[in-house]
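Here is a short report on one protein model. Please keep the sequence and the 3D view open while reading.

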Amino acid sequence: MLKVYNTLSRKKEVFLPRSISKRLLRGRPKKGGKVDIFVCGPTCYDFSHLGHARTYVVFDMIVKYLKEKDFNVFYLQNITDIDDKIIKRAKAKRIKPEKLARYFEKEYLKDMKSLKIDSPTKYARATDYIKEIISQVKRLLEKGVAYEIGDGIYYDISKFKDYGKLSRRTVSQAEDAVSRIDETRGKKNKGDFCLWKFSKPGEPKWPSPWGPGRPGWHIEDTAITERFFGPQYDVHGGARDLIFPHHEAEIAQMEAISGKKPMVKYWLHPGFLTVRGEKMAKSLGNFITVKNFLKKNSPRILRLLLLNSRYRSPLDYNEKLLSQTKKQIERIDEFVDKLQRTKNPTPGQARCRAGKKQKKNESAVKSLILRTRKKFEEAMEDDFNTPVVLSSIFQLINRANQLFDKNRLTSTDAKEILKFLRKIDKAFNFIFWGKRVSPKIPSFIKKMIKEREKARKRKDWKKADEIRREIKKLGYWVEDTKKRPKIKRIA
Ligand SMILES: [Zn+2]
């Protein structure tokens, strides 16, 4: 039974989406069932970085796994295309905020496609739901939990007694944290947040009953989720730093409007990603965009690197981790390639011996797959413990390679292993399934190889080794054969 760690209860809980809980109440079987999941999308004012990649690869894996378990998943993501950061950046670039937001939205979607993230059912732009946002602000005013001051409409956190239940902060702790960010004069409580901002001259604006303005950040999510899921749904996800104030504010808004709780049954928050031990920041020069990473590395490497640590734990990105992951991908690639090329119909040694041995080999592979499948399922059901899954895959590779070496792995065995790997890869997406073509060798590498050949001819082995090392650093492996050197792309 799948268990997930819920930030709301700070516990691992059995995953029972609302559709199944309802069915159980009516005494119906709990197979399948609908799962509504919402994950905070990007604010479109800059390129996505490795931290974003972590959040979205994790939820892509989770959604794909749920689909594999026959859940009918609706995965909704918002796109923040109006926001203070967007307006500020657009001003600096002397372009319209809308133009800036559309550009970075497109870049975001391109990055997601490169990372094989194709699980979202719907991307919803905030500015397409202004009507829904206004309706929520209106209802909050009617309920008396919101009020108007000079620059906009604010939420009164003292009117919501559950405020702080997700982040486990008291109202005064919350106020301390917020006061540094938002010092607007005239607010009833320091921690009150903006629902609707009146527009300043030259800023984007939409008409509303209270005058032209634009939505606050927190209200767009609840307006969008209410439109698609209603006031209550199954899963809300997002990076850990969104717990407060963003997700706390969402609960305050939706639960005050509907009077129903909880708004969300399970809150899932992936951990932080640091680079070489530090928080990623442009000022520190350690800001790695997805685009830059993919210029030098394959997307499969990033997926494996991100899924090789527990999604809730902090993850530090560094060169050592990257080179380890490259080696792992190389091992997986070689293994899959070998399996795909296996034409051995019967185990070599068993052919001339009794059929007993053949049977023994078959069952060895079968039990190997069964064992790994069991580990896969147990690990995934334990709050998506992907590192355990990956280590069991490497164990399978080790064991199967031993059988290969003894020429005891048949093409049927190979097919069975491939079938199993395909199943796992549906959620992980780090295995290359296409036909392998010899890589196009860039001309500067070819030039280095020629130079190395010259050195070899004059028996300058030191120089030849030096060049080989240089070539390896650039991602290619040179193997000397009788005729000519063979070149292989390392990752
Ligand atoms: Zn959000």
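Strand 12 (residues 273-275) and strand 13 run antiparallel and are joined by two bridges. Valine 275 has glutamate 278 of strand 13 as its bridge partner. This is a predicted model.

The sheet is open and has three strands, in the order 13-12-14, with mixed pairing. Strand 13 (278-279) and strand 14 (315-317) stand at the edges. Each has a single partner strand, so one side of each is left without a neighbour in the sheet. Strands of a sheet pair through backbone hydrogen bonds, either parallel or antiparallel.

## The zinc site

Which residues coordinate the zinc ion? They are Cys40 through SG, Asp221 through OD and His246 through NE2, at 1.9 to 2.2 Å. The spacing of these donor residues in sequence is C-x180-D-x24-H. Aspartate 221 belongs to helix 7 (residues 217-229), and histidine 246 belongs to helix 8 (residues 243-258). The pair therefore ties together parts that are 25 residues apart in sequence.

Are these two residues buried or exposed? Aspartate 221 has 0% relative accessibility, so aspartate 221 counts as buried. Histidine 246 is buried too, with a relative accessible area of 1%. The cut-off for buried is under 20%.

## Glutamate 255 in helix 8

Helix 8 also holds glutamate 255. Its relative accessibility is 6%, so glutamate 255 counts as buried. What does the side chain of glutamate 255 make a polar contact with? The partner is the side chain of lysine 165, at 2.9 Å.

Lysine 165 is also on the contact list of glutamate 255, which leaves aside neighbours within four places in sequence.

## Helix 14

Helix 14 (residues 411-428) has 18 residues. From first C-alpha to last, helix 14 reaches 25 Å. That is close to the 26 Å expected at 1.5 Å a residue.

Which residues of helix 14 are buried? They are Ser411, Asp413, Ala414, Ile417, Leu418, Phe420, Leu421, Ile424, Asp425, Ala427 and Phe428. An α-helix has 3.6 residues a turn, so residues three or four places apart point the same way.

Asparagine 429 follows helix 14. The phi of asparagine 429 is positive, near 50 degrees.

Notes:
Residues numbered from 1 in each chain as written. Predicted model: local features only at pLDDT ≥ 70, side-chain atom pairs only at ≥ 80, totals over all residues. Heavy atoms only, no water. Donors = N, O, S within 2.8 Å, 3.2 Å for Na, K, Ca; no water. Helix = DSSP H or I, 4+ residues; strand = E, 2+ residues; numbered from the N terminus. Buried < 20%, exposed > 50% of the residue type's maximum accessible area, 1.4 Å probe, protein only. Pairing = 2+ DSSP bridges. Expected span 1.5 Å × (residues − 1). Polar contact = N/O pair within 3.5 Å; in protein donor to acceptor, adjacent residues only side chain to side chain. Contact = heavy atoms within 4.5 Å.
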